[in-house]
Amino acid sequence: MMNAVTLRTEVHEQVEKIGSADIVVGIPSFNNANTISHVVRAVQAGLAKYFPTRRAVIVNSDGGSSDGTMEVVRNASIEDFSAILLHHRVEPISRIAFPYSGIPGKGSAFRSIFEIARTLEAKACVVVDSDLRSITPEWIELLVKPVLEDGYDYVAPLYHRHKFDGTITNSIVYPLTRALYGKRVRQPIGGDFGFSGRVAGFYLSKDVWESDVARFGIDIWMTTTAIANGFRIAQSFLGAKIHDAKDPGADLSSMLYQVVSANFDLMEEYAGVWMPVHGSEPVPTFGFQYTVGLEHVPVNTGRMLGLFREGLNNLREIWLGILGAGDFREVERLGALADDAFCFPIGLWTRVIYDYAIAFHHNKLPPEHLIKSLTPLYLGKTASFILAAANMEGAEAEAEIEKLCKAFEDNKEYLVMSWSKHKGDQT
Amino acid sequence: MMDFLNLIFEPLQAVFQTFRVFLPNFLAMLVIMLLGILVAWLIKFIVVKSLHAVHFDSWSDRMGFTALIRKGDVWSRPSAMLGSITFWFLIILTLMIGLGALKIPAIDSLVEQVVGYMPRAFSAAVILIVGYVVAGFVSQGVLIAAVNSGYHYAKLIAGALRILLMVLILAMAMEQLQIAPSIVLAAFSIIFGGIVAALSISFGVGGIEAARRMIERETAEKPDAGKAKDEIDPL
């Protein structure tokens, strides 16, 4: 039964001892000793409160932490369940914490979780980030119930976020995924997902675990694979997403490269799926939506626009080759605008992203150079949004994102036409 | 009378004798050439098909090799160009072997020299092509990284790096071709050292004002950058 190649012998033994489970909750980690205890306790409480009769396993798939993350997971527990529960849990919750094998990355951590879920014949799985500070027991209910009780295969998260947060998601990933595949999944790379055992098995059957998916881009890969293969999709409102401050050394252009290249790679794989799609439709949404108080997010649009203009001065030839003379002239015109008058038109931004997707498809530049050259344009677009949304309420800012999504949908024909052109015509 | 006739026929006989010896060699050369052309054509066909199979043209587009050959006014696809290079290389090789079959000492010596030089010429060509692609790749990567890091002189840095790499690659290729190696080495040292010295002098003495402006420009914006850091979570 247990034929997973990525699991160690001791993990095999633990899994075999458990036998089977209804719910598997996976927590990938790497040096998260400070935060993972809260996550494990929230998951335990969620399982105890909402699924007291279901057999559940918490799986910590660790990337070789040196700060004792796995020890924290093994020892984390809720001292007194009676303080949070009205009745006692019937089934015990098993826990497995192990270092995963394979290429270092979140994708490899997830692969081990999927393998354990398959072996335990889990009906529902959840994955949550290990650096979450805002996770509550309700997250488990909201991510598991649509799978266990309503027959959904994939549940994406829906958060309330500060209007300036999630700029890569808001300006690229969400509009692009929505226009391509026709489903309005608001947080396609949210990081906290629920899915059925059937989908976990399907993911394992894909030959991607030695590719970049194992290192980065697993979130968008999971969402897109589920949508493109016709699985039933839903989303659940989880409230605010607050997590550990991101690594200050993390490079924006590397982040952009990882997310956008994963998106573009999937466009290659599912060209036959997204090409005929027109418009988009909402996906069922679970959970009671409420307003969340969000912390102020400091931004420096002057710095962003400075980098945009540096890009315009230095990357002229590269941008001209990717965008073409017409759109490049429009970008050039933006460079001459004063900071307070700066506005990146949404139609132009849509064509920029589509032009980059086409350039990626036609191999115009090495992928990393190509996508990293998008960084100044992305900063220009982000600064433009921040300036426009400075005095807006959250709902108004969301309406701006909705307009952008519509523009992506309306301009999709341009992408389809250019995509289909023979590669030789592009040189 | 007989002596006179002998005087006439002996050279003719000698010529005929030489021709009898030469004719099989000449026929052998023709056969070698004919077979060589056929084999060269066949290998060209295999090379082009193999390059198509591994998407060499797309790779060349990405690495800037296509742009390089376009600058040289070559408008065929890189795979077709490499196929043609292979074809003509094999034709030259066939010609050398064919001429060798004639067994003429002067030609043999020439062929030996040319064949002996071929590996060096081939290595130099490979160094130049690979070097050009690598220099383009590295300088483009540096340009993009420098722009994304906010350096004002990104293009200058990337351009200077590209020139330095090309100088290094040219020196390596010429060293491989054994063209006045000591002069090449000396020239390379002078140019490389000269660039470094020129930069030091221009920054230290001649371009002190320009250097000051550049340094001031780089440092001037740092306090502003620190004043309001972005704390956006982009994902």
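**Figure 1. Contact between chain B and chain A in the predicted model.** In this predicted model, 25 residues of chain B are in contact with 35 residues of chain A. On the side of chain B that touches chain A, the elements that give two or more residues are α2 (56-63), α5 (105-148), α6 (154-176) and α9 (222-227) of chain B. Of these helices, α5(B) supplies the largest share of that side, namely seven residues. Sorted by class, the side of chain B that touches chain A holds 10 nonpolar residues, together with seven polar and eight charged ones.

**Figure 2. Chain A as a whole.** The secondary structure of chain A consists of 17 helices and 10 strands. Its radius of gyration is 22 Å, close to the 22 Å that the globule rule gives for 427 residues, and chain A is therefore as compact as a globular protein of that length. Taken along the principal axes, the box that the C-alpha atoms of chain A fill is roughly 65 × 45 × 40 Å. Of the 427 residues in chain A, 51% are buried. Among the contacts in chain A with a separation of 6 or more, 86% are accounted for by residues 24 or more positions apart.

**Figure 3. The two assigned domains of chain A and the contact between them.** In the domain assignment, chain A has domain 1 at residues 9-286 and domain 2 at residues 301-426, and the C-alpha centres of these two domains of chain A lie 30 Å apart. The contact brings together 24 residues of domain 1 of chain A and 27 residues of domain 2 of chain A. On the side of domain 1 of chain A that touches domain 2 of chain A, the elements that give two or more residues are α6 (167-181) and α9 (252-269) of chain A. That side of domain 1 of chain A has, by class, 14 nonpolar residues, seven polar residues and three charged residues.

**Figure 4. The two assigned domains of chain B and the contact between them.** Chain B is divided into domain 1, covering residues 22-103, and domain 2, covering residues 119-220, with 34 Å between the C-alpha centres of domain 1 of chain B and domain 2 of chain B. Four residues from domain 1 of chain B and four residues from domain 2 of chain B take part in the contact. On the side of domain 1 of chain B that touches domain 2 of chain B, three residues are nonpolar and one is polar, while no charged residue is present.

How values were computed: Residues are numbered from 1 along each chain as its sequence is written. Chains are lettered from A and ligands numbered from 1 in the order in which they are written. This is a predicted model: local features need pLDDT of at least 70, side-chain atom pairs count only at pLDDT 80 or more; totals for chains, interfaces and linings use all residues. Two residues are in contact if their C-beta atoms, placed from the backbone, lie within 7 Å. Helices (H or I, at least four residues) and strands (E, at least two) are DSSP runs, numbered from the N terminus. Ala, Val, Leu, Ile, Met, Phe, Trp, Tyr, Cys and Pro count as nonpolar, Asp, Glu, Lys and Arg as charged, and the others, Gly among them, as polar. The radius of gyration is taken over C-alpha atoms; the globule rule is 2.2 Å times the number of residues to the power 0.38. A residue is buried if 20 or more other C-beta atoms lie within 10 Å of its own, exposed if 12 or fewer, and partly exposed in between; C-beta atoms are placed from the backbone. Domain bounds come from an automatic or database domain assignment.
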